[in-house]
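Below are some notes for your check of the model. Please read them beside the coordinates.

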Amino acid sequence: MSAHREGSLPSSPPPLAPARNYTSNGFLKVTCNGGLNQMRSAICDMVTIARLLNLTLVVPELDKASFWADPSNFEDIFDVGHFINSLRDEVRIIKRLPKRFGLRYGYQPLVMPPVSWSNEQYYLQQILPLFDKHKVIHFNRTDARLANNGIPLELQRLRCRVNFQALKFTREIEELGNKLIRVIQQKGPYLALHLRYEMDMLAFSGCTHGCTANEAEELRQLRYAFPWWREKEIVSEEKRAHGLCPLTPEETALILQALGFDKETQIYIASGEIYGSERRLAALRAAFPRIVKKEMLLDPDDLRQFQNHSSQMAALDFLVSVASDIFIPTYDGNMARVVEGHRRYLGFKKTFQLDRRRLVELLDLHQNKTLSWDEFSVAVRLAHEKRMGQPTQRMVIANKPKEEEYFYANPQECLCEGKDCADFLSLEIQPRSSEMCPLTRIYLDIFKRWLDEWSVKKDATSKSKGLDLAECCTSSLEIARCRLILLASSALYFS
């Protein structure tokens, strides 16, 4: 399997392969929890687990009890026939349990949540033996139940196959999503902005930067109203300083401008209702007048069937985000990560992974007048030169699966041919030499301005050392060296 260079996911699957012939060890029933993209990843994992254990999988049930209270069933969002048939050579999938295993006949399945971030040995050694006693096991939680790393290659690629090929949206969602994409593209290239500044995210995360006292209290009360949101007492500014909060709309406007986007940039906001509504969008709209949302572009009759079905609305945003020229999420939640993975699969389409911890530092320095606009803008761009969806090895952090890179954001095993992808993934996209000079000159100009200010404050020895650095930078077209010099000089200046 290699990265697809087309602009959309494959629409015409190959002819159906013969069904896999195996003796089933039992039935796996699953109830997914969370929003659309958390459930999507979970479905991929559950198919993979069923294949590993030679089970028969019942079409997954979707979450109806979460914050969004979406009543949608699997078949309301995904093409259930395609899902079953496209995987028939790997695992047997049925729409419902045989009647003899129904509650009406007094059968009680074993209900349990599997352990989070488990590898295949956990399922083989601890879950499979349970089917000797219980012919049906019901996993009542499915989020992050399969490890990111250390999984056999064939299972990792099955996760990708489910994600990129088997989970196809219903015809109604696909048609309306494609119509929405056409309408946007007729107006020119566009940036999809996943502005995750919605009430549920702010309440869950405890992030209230920019909110009024009344809004902060409303969010706190909502957090306490949902018992499965375990963290209750949260210090918002501490979380923000650690990069754990979504960017506000006002912060987002500054970051987009610093990255070089101008007022003519067409921006599609891929999100639900922004907390604070138009009042909080004012700064973003002033900076980028060509903001559009699906509610602005589609006839109300088109959207009526999807209203009060948050997962179906999210599916439209998913399609538009995957197809966009540039994708920028303001928070690395499930949609951001799953869309990022799809865009890598489609040929490493430009996707910014914002370094929020660094950005918060820079925003505060700029807003307290320590950093000028030019210094702020260059620092923002430098921080993201290698965070735009380029081919990279997935970051692994031993024993800290929540902190390492998510499999579905960077499914590297599925982006190249052969078993060893190291050479392919180690490639870095470097600018051509003809592109280096202008950027080097910009960095050098700013560096020299910093050096002039710095030399006033430092003694003659420090100034002499600084001039040696400037000569080094001037004599070299190696942009990496100039970056290091620039960062070193800024560290000296702000010390």
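1. Buried here means under 20% relative accessible area, exposed over 50%, and partly exposed in between, with a 1.4 Å probe and protein chains only. Helices (H or I, at least four residues) and strands (E, at least two) are DSSP runs numbered from the N terminus.

2. This is a predicted model, in which local features need pLDDT of at least 70 and side-chain atom pairs count only at pLDDT 80 or more, while totals for chains, interfaces and linings use all residues. Residues are numbered from 1 along each chain as its sequence is written, and side-chain values use heavy atoms, with hydrogens and water left out.

3. Helix α1 covers residues 36-52. Of its 17 residues, 15 are buried, so α1 is largely enclosed by the rest of the structure. The expected span (1.5 Å times one less than the number of residues) is 24 Å, and the end C-alpha atoms are 24 Å apart, which agrees. Just after α1, Asn54 has a positive phi of about 55°.

4. Phe27 lies in strand β1, residues 27-30. Its relative accessibility is 14%, so Phe27 counts as buried. Leaving aside residues up to four places away in sequence, Phe27 touches (heavy atoms within 4.5 Å) several residues, among them Thr56, Leu97, Phe101, Phe131 and Ile137.
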